[in-house]
Amino acid sequence: MSQRDLTLAEARVLGVLMEKQATVPDTYPLSLNALTAGCNQKTARDPVMNLSEQDVLAALEGLRELHLINEVSGNRVTRYQHNAPRGLGVPGAAAALLAVLALRGPQTAAELRANAERLHRFADTSSVDAFLDELAGKTPPRVLKLARSPGEREARWAHLLCGEAAVPAVTARAASPAAAAGGVDAEAFAALQAEVATLRAQVQRLASELGVDLA
């Protein structure tokens, strides 16, 4: 299990490696060039990032130190593969959910089931919920169930690989009537919501260590 929180770049790189292993097995493990392209995709990514090869190399080095990736020597280029389930101490199905959350941002259980289908086929949404609950109960927690936004039927989940829930500014704006009316700065509200998510994760972690059920 990793000993520190991941950076955003590290989480993106790890997510791409997990995704591409399932979606393009013929080109996996990935070269640096292919990995960088996967990190900077404009589709199926939230947020969209613009990482340089040096950024990706730095992320790979950090992940290697955490035993989350391995280098594979090829004929001409070095390639990279992930070791996420063992490194994070989670089963493959749970790792698939973390990968999709790291790549696409907060999602409902139903969205996760659909988006993770090529990585792991879940029988139904309740099985996704079961794995999410297991991840939320780990020490430290790996995911967090966000407060349901007004007008939304289902709550969304966010990963905590980076130590706090990454809540896009557009999400925060949609979740706040005051912000939508121009009464609250969207970026400030996003920062506040992320801070609340971090505090909630800390409370869940303490409760888990004390054996207290917060349900």
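Modeller: What follows is a guided reading of this structure, from its overall make-up to single residues.

Modeller: This is a predicted model, in which local features need pLDDT of at least 70 and side-chain atom pairs count only at pLDDT 80 or more, while totals for chains, interfaces and linings use all residues. Residues are numbered from 1 along each chain as its sequence is written, and side-chain values use heavy atoms, with hydrogens and water left out.

Biologist: How many helices and strands does the protein have?

Modeller: Helices (H or I, at least four residues) and strands (E, at least two) are DSSP runs, numbered from the N terminus. The protein has 10 helices and five strands.

Biologist: What share of the residues counts as buried?

Modeller: Buried means under 20% relative accessible area, exposed over 50%, and partly exposed in between, with a 1.4 Å probe and protein chains only. Of the 215 residues, 46% are buried by that rule.

Biologist: How many residues does the largest nonpolar core have?

Modeller: A nonpolar core is a set of buried Ala, Val, Leu, Ile, Met, Phe, Trp, Tyr and Cys residues joined through side-chain atoms within 4.5 Å. The largest one here has 47 residues, and L6, V13, L14 and L35 have the most contacts inside it. At least two residues of this core come from each of α1 (8-23), α2 (32-39), α3 (53-65), α4 (84-88), α5, α6 (109-115) and α7 (125-136). The largest share, nine residues, is supplied by α5. A second, separate core of five residues includes L144, L146, L160 and A165.

Biologist: Which residues does V13 touch?

Modeller: Not counting residues up to four places away in sequence, V13 touches L35, C39, V56, A59, L60 and L63.

Biologist: Which residues of α1 and α3 meet?

Modeller: A9, E10, V13 and L14 of α1 meet V56, A59, L60, G62 and L63 of α3. For classes, Ala, Val, Leu, Ile, Met, Phe, Trp, Tyr, Cys and Pro count as nonpolar, Asp, Glu, Lys and Arg as charged, and the others, Gly among them, as polar. The contact of α1 with α3 has seven nonpolar, one polar and one charged residues.

Biologist: At what angle do α5 and α7 pack?

Modeller: Their angle is about 85°, with the axes 10 Å apart, so α5 and α7 are roughly perpendicular to each other. A93, A94, L97 and L98 of α5 make the contact with V128, F131, L132 and L135 of α7. The residues of this contact are eight nonpolar, no polar and no charged.

Biologist: Is L97 buried or exposed?

Modeller: L97, in helix α5 (residues 92-104), is buried, with a relative accessible area of 0%. Leaving aside neighbours within four places in sequence, L97 is in contact with L112, A116, F122, V128, F131 and L132.

Biologist: Where are the cis peptide bonds joining Y28 to P29 and T139 to P140?

Modeller: The bond between Y28 and P29 has omega of about 0°, and P29 lies in the loop between α1 and β1. The bond from T139 to P140 is cis with omega near 0°, and P140 lies in the loop between α7 and β4 (143-145).

Biologist: What is the phi of H67?

Modeller: H67, which is not a glycine, has a positive phi of about 60°. H67 is in the loop between α3 and β2 (69-73) and counts as exposed, at 57% relative accessibility. A44, also other than glycine, has a positive phi near 55°; A44 is in the loop between α2 and α3 and is partly exposed, at 26%.

Definitions and conventions:
Contact means heavy atoms within 4.5 Å. Axes are lines fitted to C-alpha atoms, for helices over the stretch in contact, and angles run from 0 to 180 degrees between N-to-C directions. Angles under 35 degrees count as roughly parallel, over 145 as roughly antiparallel, 65 to 115 as roughly perpendicular and the rest as oblique.
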